[in-house]
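Have the sequence and the 3D view open as you read.

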Amino acid sequence: MSESPSESPTGLSGPGATAGTIAFLGLGHMGGPMAVNLVNAGYTVTGFDVVPAALETARAHGIATAGTAAGAVAGAAVVLTMLPSGKHLLDAYRGTPGQPGQPAQPGLLDIASPGTLFLDCSTINVDEAREAAGLAVAAGHRAVDAPVSGGVVGAEAGTLTFMVGAHPEDFEAVKPMLGVMGRRVVHCGEHGAGQAAKICNNMILGVSMIAVSEAFVLGEKLGLTHQALFDVASAASGQCWALTTNCPVPGPVPTSPANRDYQPGFAGALMAKDLKLALNALESTGVAARLGPLAAEIYGSFAAEGGAGRDFSGIITDIRDKSEH
Ligand code: NAD
C-alpha cells in the first residue's frame, strides 16, 4: 500500500497529491509511533506536542520537532493531528485567545499554506469532525478524517485500520501515507464518515462484550463450564469478536486479556470515550436506540470505578461482583 520512498521521498502520491513535509501534531501513545513509521518510510515529518516529554521521546526516535505548532505547520503540505478530543482539534484549527499565564495561540488554518491537507486521525464526535472539515475547506484547505483502530500495538507495528471520511481525490492523496501506518485503509464516505464508522463499530463491540460477559456469568450460575459455553457459542449464532478473540474469561482463548488479569488490550477508558461519542451521535440523530446508551452508562461507571486502565472485557468482573451470590 505504501509508496516507494525512492519514487517520492518527501511527498504524497495519487491523484491530487501534494509534495512536502508532514506536520505531525500530538506525539502521544498513538501519534509517537505513527510518526516514527512515517519517518522510517522516507516521509519528511516535523512533529509537535504541547508536552515537552513527548517531544523529547519523539526526538529520541529520530523525529524532527518544532518549538511551536505554528512552526511545524508553516510550509507543510499535510497537517496530521492525533489529539485527545474534538475540542483540542477545533481549538488548534481556530486558535485560542490568551488567558492569564497562557499566551494566545494562532489558528493553524490561518497559518497553513493555501491548499494544505488537514488529516485528523483522532477519535472525536462526528459533528466535530464535520465542523473541523468545514472550517478547513472554508479557509481554502483540504480535509480528511481518518480515525484508527488497532491500539498502541497496531500503531507501533504499522498495522492500524484507518476509517476515512474524505472527498475521493483527497482519499487517494492520503492513502499511501496511511498505508505506511496501517494495514487496512477503508474509504467510508464524505467528511465525518470515518468517525461515523468508528463509533458504530465500537458501539457494536461495547454492547456485544456486555452480552457475552452476562452470558458467561449466567452460565456460571447455571453450572456450565466456560469451555462448554465457548465451544457451543463460538460455533453457533452467539459467535462474535468479543467471544472468539477477546473472550472475557481466561482459558478458551489463551491470547485474550482475561488470561493476563485484564491488562489491555483496549482500555476501559477508551471504550467509555467511544461509547460517549456514540451516545452523542444517537442523541443528535434521534435514533431510538436503547442498548447503545445503556452500554455508554455501563462503561462510564466501569471506567470511573477502577476499570479505566483495565481491558474493557474486565466488565465481566463487575457483572459477577454485582450479582447475587
Ligand atoms: P495521548 O493522550 O497519549 O496523546 C495525545 C497527545 O496530544 C498528547 O501527547 C498531548 O500532549 C497532545 N496534545 C494535546 N493538545 C495538543 C496540541 N494542541 N498540539 C499538539 N499536541 C497536543 O492519546 P493517544 O492514546 O495517543 O490517543 C490519541 C487519539 O487516538 C485519541 O483521540 C484516542 O481516542 C485515539 N485512539 C487511541 C487508541 C489507543 O489505544 N490509545 C486507539 C484508537 C484511537
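Before we look at any strands, one term: two strands pair if DSSP finds at least two bridges between them. The strands (E, at least two residues) and helices (H or I, at least four residues) are themselves DSSP runs, numbered from the N terminus. What you see is a predicted model, where local features need pLDDT of at least 70 and side-chain atom pairs count only at pLDDT 80 or more, while totals for chains, interfaces and linings use all residues. Residues are numbered from 1 along each chain as its sequence is written, and side-chain values use heavy atoms, with hydrogens and water left out.

**Strand E8 and its surroundings**

Which residue of E8 is the bridge partner of Phe118? That partner is Ala143. Strand E7 (residues 117–120) and E8 pair in the parallel sense, with 4 bridges. Together with helix H6 (residues 126–138), E7 and E8 make a right-handed β-α-β unit. Right-handed here means that, with the strands pointing away from the viewer, the path from the first strand over the helix to the second runs clockwise.

E8 (residues 142–145) is covered on both faces: Arg142 and Val144 are buried on one side, and Ala143 and Asp145 are buried on the other. Buried means under 20% relative accessible area, exposed means over 50%, and partly exposed is in between (1.4 Å probe, protein chains only).

In the loop between H6 and E8 you'll find His141. Why does His141 count as buried? Because its relative accessibility is 7%. Leaving aside neighbours within four places in sequence, His141 is in contact with several residues, including Leu109, Pro114, Phe118 and Ala136. Contact means heavy atoms within 4.5 Å. The His141 side chain also has polar atoms 3.3 Å from the backbone oxygen of Ser113 and 3.3 Å from the backbone nitrogen of Thr116.

**Strand E10 and its partners**

Now move on to strand E10 (residues 160–165), where 6 of 6 residues are buried. Leu160, Phe162 and Val164 lie on one side, with Thr161, Met163 and Gly165 on the other. E10 pairs with strand E9 (residues 148–149) in the antiparallel sense over 2 bridges, and Val148 stands opposite Phe162. E10 is also joined to strand E11 (residues 182–189) by 6 bridges, and these two run parallel. Here, His187 in E11 is the bridge partner of Val164.

**Around the ligand**

How many residues surround the ligand? There are 20, and the closest are His29, Met30, Asp49, Leu83 and Lys273.

| Residue | Atom in the residue | Distance to a ligand oxygen |
|---|---|---|
| His29 | polar side-chain atom | 2.6 Å |
| Met30 | backbone N or O atom | 2.8 Å |
| Thr123 | polar backbone atom | 3.0 Å |

The protein covers 84% of the 830 Å² of accessible area that the ligand has on its own. That area comes from the Shrake-Rupley method with a 1.4 Å probe.

**One more loop**

Finally, look for Asn246 in the loop between helix H11 (241–244) and H12. Asn246 counts as buried because its relative accessibility is 8%. A polar contact of 3.0 Å joins its side chain to that of Asp311. Such a contact is a pair of N or O atoms within 3.5 Å; within protein, one must be able to donate a hydrogen and the other to accept it, and residues adjacent in sequence count only if both atoms are side-chain atoms.

Key:
A residue is near a molecule or strand if one of its heavy atoms lies within 4 Å of it.
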